[in-house]
Each structure stands twice: as structure tokens, then as C-alpha cells.
Amino acid sequence: MVKKALNHCSVPVIISAIGARKNGVPCTCPLCTSDRRSCVTTSEGVQLAKELGATYLELHTLNDFYIQKYFGGVLEYFMIQSLNQKSSEKMKKRKKIQKCHRVQPPQLEQPEKMPILKGEASHYNTDLHNLLCGCQCADVAFYPEDLSTVAEAHKVILCSVSPLFMLLFGVKSPADIPDTSIVQMAQSLFAVEAGAASPLAPYGAPPCILPIRVVVKDSVFCSCLPDILLFIYSGAFQWERLEEDIKKKLKDPEKTEQVLEKVKCILKTPGKQNSVKVCRSHQIKQLYNTSLKLFFNTPVLADVIFKIQGATVPAHRAVLVARCEVMAAMFNGNYLEANSVLVPVYGVSKDTFLSFLEYLYTDSCCPASILQAMSLLICAEMYQVMRLQHICELYIITQLQSMPSRELASTSLSIVSLLKKAKFHNSDCLSTWLLHFIATNYLIFSQKPEFQELSVEERNFVEMHRWPSNLYLKQLADYRNYIHSQKCHCTVM
């Protein structure tokens with residue numbers, strides 16, 4: 001009967017047993033002792049409560065205190081829960097009815113993923129290593145005292161890593177180097193041959209045909225000089241490898257140690273001691289990036305002058321040939337520039353060309369704006385320096401991605417003009433990315449006059465990949481009309 005009653009209402013049933021039970025001892029109250037056979041046990045009460053989904057209580061006595069504290073409190077709780085459940089079911093039913101008859105807002109799809117532009121790894125060390133192996137534009141020749149062999153090198157590279165070579169080739173005087181050990185090592189180990197070409201050619205003079213001849217007074221050191229030069233040009237202090245190469249060549253631990261100590265002295269910073277640990281941890285690449293910059297746009301050791309926009313920019317053929325294949329062909333081929341000191345430059349501004357040269361010297365660049373990066377990209381494409389071109393592309397993409405929509409709508413920068421230049425100068429990755437960028441920001445760019453300058457093919461691409469799509473905008477317009485109609489009200493408002 002209780003189960004049947006529960007099917008028609010949600011009032012909970014509370015089963016209560018009167019009497020105290022301790023450790024299973026039967027209750028001795030009059031109600032229980034009057035007829036023990038009809039007494040409901042605890043297990044029977046709990047089982048019945050589980051079947052009905054009710055609450056089982058054991059009251060010590062049937063008085064107002066226990067009725068109010070236990071029976072009444074639990075009944076009140078279940079009544080509140082029942083009312084809440086009815087209210088919740090009613091609300092769900094109402095929402096379900098409204099959902100069936102209400103127009104759902106359109107779902108905005110995600111824009112297409114932009115093309116990923118991968119950068120190119122630096123080959124700065126490899127370029128300088130190849131410069132030594134190819135012996136292009138060598139302006140230094142090291143000889144033993146018997147003039148039997150020769151090892152060629154480049155003054156600007158040697159001077160960028162060692163104050164000793166700066167002293168040897170006249171870049172610095174002994175007074176400029178406070179460390180006397182470097183001065184003594186230069187005098188005891190090397191000697192510029194009398195009658196050789198002047199260490200410092202006058203600024204603007206023709207390039208020297210014969211390299212400077214330097215005699216190495218220590219025959220043991222001279223025999224290891226090719227390995228030492230390879231170590232210097234390799235771009236990293238691979239000290240263990242140099243140590244192994246010299247050990248194999250000399251096969252004498254004492255002589256090996258003497259040669260290594262002289263290498264440490266040559267590469268030592270004035271006023272500091274070079275330990276093996278320092279040699280292992282330092283990188284010559286870092287020295288190149290900082291020290292070669294000292295020779296950027298300076299007449300010191302310069303053997304070529306670029307004339308651009310009425311100004312002159314000095315440079316060093318060795319660096320240009322090592323870092324740029326077009327420059328290498330220009331200075332080593334059958335071109336006028338091969339035997340000329342003054343080289344005119346056309347089609348590039350002075351600032352852009354200086355930024356280009358700075359990259360060749362330091363392997364880094366930092367454009368000041370998107371337009372400057374595009375100009376540098378054009379210069380890099382002219383001289384076929386692909387890594388610099390990729391760096392400029394990444395800079396332009398990063399800057400455009402960081403611009404908020406409001407700034408993008410008000411900027412005077414023409415994205416379509418950038419697209420045209422990128423296509424004209426064979427920057428396929430950037431041009432593809434810019435097309436996707438215009439399509440992704442369709443609502444902004446479609447309102448600009450420059451949008452009409454897109455070609456038919458470009459316009460078709462943008463319309464195909466536009467975001468948001470035409471279908472979504474139509475669905476959104478229909479939904480807004482529905483929301484603002486008299487028969488419907490926005491549930492949020």
C-alpha cells in the first residue's frame with residue numbers, strides 16, 4: 001500500500017522504531033514487550049526503508065521533543081527537497097518547450113589556420129669556415145722561416161678574435177694593449193716580412209694583390225697553424241678537438257702543451273687569464289658577433305667602398321664574400337667590381353643597405369618598422385640572402401599579428417601593397433600568408449579602397465577563405481530579425 005501511494009505523490013515515508021537497542025539486546029519497553037512477535041527488528045526496518053527510498057529512524061521515546069527534533073526535521077527537509085525537485089522539473093519542461101519553438105543563434109565557425117612560416121637555421125659559422133677552406137680574398141700569408149709552406153687567412157677575421165693580431169696588423173698600437181704578455185707574444189712569435197704590403201692600406205686605395213707575408217718564428221707552432229686557424233674559423237671553441245689534433249701531429253706532450261698555451265695567449269682578452277675551462281665554455285661565434293661589429297661601417301682594414309645615395313660605406317671583401325654568394329661572384333668573377341675599390345649600389349636606400357651589411361657582419365637584424373623590414377627583404381632578395389629574407393618575413397608577420405582590430409582598421413599601412421611587393425620579389429611564403437590575413441580580417445579590409453586593387457585571382461581566394469562566411473552573416477541577420485520581432489524577446493535581456 002505504501003509503494004502504491006508513492007506512485008501518486010512525492011511525500012517521503014519515514015519509518016520510525018521506538019525503543020533503544022544496545023548490542024542487539026531486545027527492547028524492554030511496554031510497546032515491545034506486549035507482543036514481541038509483532039515487533040519490527042532493525043534489519044527489517046532498514047531493508048524496508050531501502051526498498052521504499054525512505055528514511056529510517058530509531059526514536060528513544062515517542063514524545064514532542066523527539067518528534068520535533070528528528071521526525072519533524074527530516075520530514076521538513078524532504079518536503080523542501082520535493083518542492084525544489086518539482087520546481088526544477090517544471091523549469092526544465094518549460095525550457096524544453098521554449099527550445100522546441102525558439103530559433104537558435106548561428107554558430108560562428110573558426111577561421112582557417114594561417115600558414116606556418118619556418119625560419120632558416122644560421123649558417124654563420126659554416127660561412128666563415130668555408131671562407132678559410134676556399135682561401136677567397138685572403139690578405140694574410142703565414143710562412144715558416146724557411147718559407148717552405150704557407151697558410152692563408154684574413155686580417156679582419158683574425159683581428160675580430162684576438163688583440164694580438166690587431167697589434168700585428170697595425171689596428172692597435174702597443175700603447176693600446178695594457179697586457180704586456182700579448183705584446184711580447186706578438187713580437188716573439190710573429191714578424192711581418194720586410195718589403196711586404198703595408199698592413200694598413202690607405203682608405204680608398206686599390207685592393208692589395210699580394211697578401212701580407214707574416215713569418216712564424218716558432219716552427220712547431222707553425223706546423224700546427226692550419227689546425228689553429230681551422231679552430232678559430234670554426235666558430236666554436238672546440239678545445240678538445242684542437243687538443244687531439246695537435247697531439248696526433250706532434251706526438252710530444254711537452255710540445256703540445258707549449259702550443260696550446262700560446263693559443264690561449266693569442267685568444268686572451270687583455271688583462272684576463274684564459275684557462276682551459278674558459279676556452280671550453282666560450283664560443284668564438286659570440287666574439288664574431290660582437291667583435292666583427294667593431295669593423296662594420298669603419299675604414300679600418302676596409303678594402304671596398306660602396307657608393308650609395310651620394311654617401312660612401314666602407315666594407316671588407318672577406319666578410320662579404322663569405323656571407324653572400326652574389327657578393328662572392330661579384331668580387332671573384334669577371335666583373336668590374338672584382339678590380340675596383342668603389343662599387344656603386346642602386347635601387348636600395350642607404351639605411352636599408354647598412355642594415356643589410358650589419359646582418360652580414362653580425363648575423364642578426366632588428367628592423368624598426370614593417371616598411372623597413374619589407375625594404376630589407378627586397379635587398380636580401382636582390383643579393384640572394386635567403387635567411388635574412390625569412391627573418392624579415394617573420395618580423396612582418398609577427399608585427400601584423402600583434403595589431404588589434406581597431407589599429408588594423410585605422411592604419412595607413414597598405415597590406416595589399418605589401419602583398420604586391422612580396423609577390424614581385426618572390427616571397428611566396430609571405431604573399432600566401434598575407435592573402436590569408438586579408439581573408440581572416442575580411443570585414444576590415446573589404447571596407448578599404450586598397451581592397452579593389454586585388455587581382456581577380458586574389459579576390460577569388462579571399463572570397464573563398466573569408467571569415468566570417470556569407471552563410472554565417474545571413475544566419476546572423478535572420479536571427480537578429482527574429483530577436484527584435486514583437487513576438488519574441490531575448491532571454492538574456
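Predicted model: local features only at pLDDT ≥ 70, side-chain atom pairs only at ≥ 80, totals over all residues.
Residues are numbered from 1 along each chain as its sequence is written, and side-chain values use heavy atoms, with hydrogens and water left out.

I placed H465 in helix α24 (helices are DSSP runs of H or I, at least four residues; strands are runs of E, at least two; both are numbered from the N terminus). Then I looked up its surroundings: leaving aside neighbours within four places in sequence, H465 is in contact (heavy atoms within 4.5 Å) with E112, H436 and A439. A polar atom of the H465 side chain also lies 2.9 Å from the backbone oxygen of F461.

Next, I followed the chain to P468, in the loop between α24 (456–465) and α25 (470–483). I found a cis peptide bond there, joining W467 and P468, with omega about 0°. I noted for context that most peptide bonds are trans and most residues other than glycine have a negative phi.

C135 has phi near 55° and is found in the loop between α5 (124–134) and β3 (140–144). I read C135 as partly exposed, at 35% relative accessible area. Q384 has phi near 60°, and I located Q384 in the loop between α18 (370–382) and α19 (386–401). Q384 is partly exposed, with a relative accessible area of 44%.

Note on methods
Buried < 20%, exposed > 50% of the residue type's maximum accessible area, 1.4 Å probe, protein only. Polar contact = N/O pair within 3.5 Å; in protein donor to acceptor, adjacent residues only side chain to side chain.
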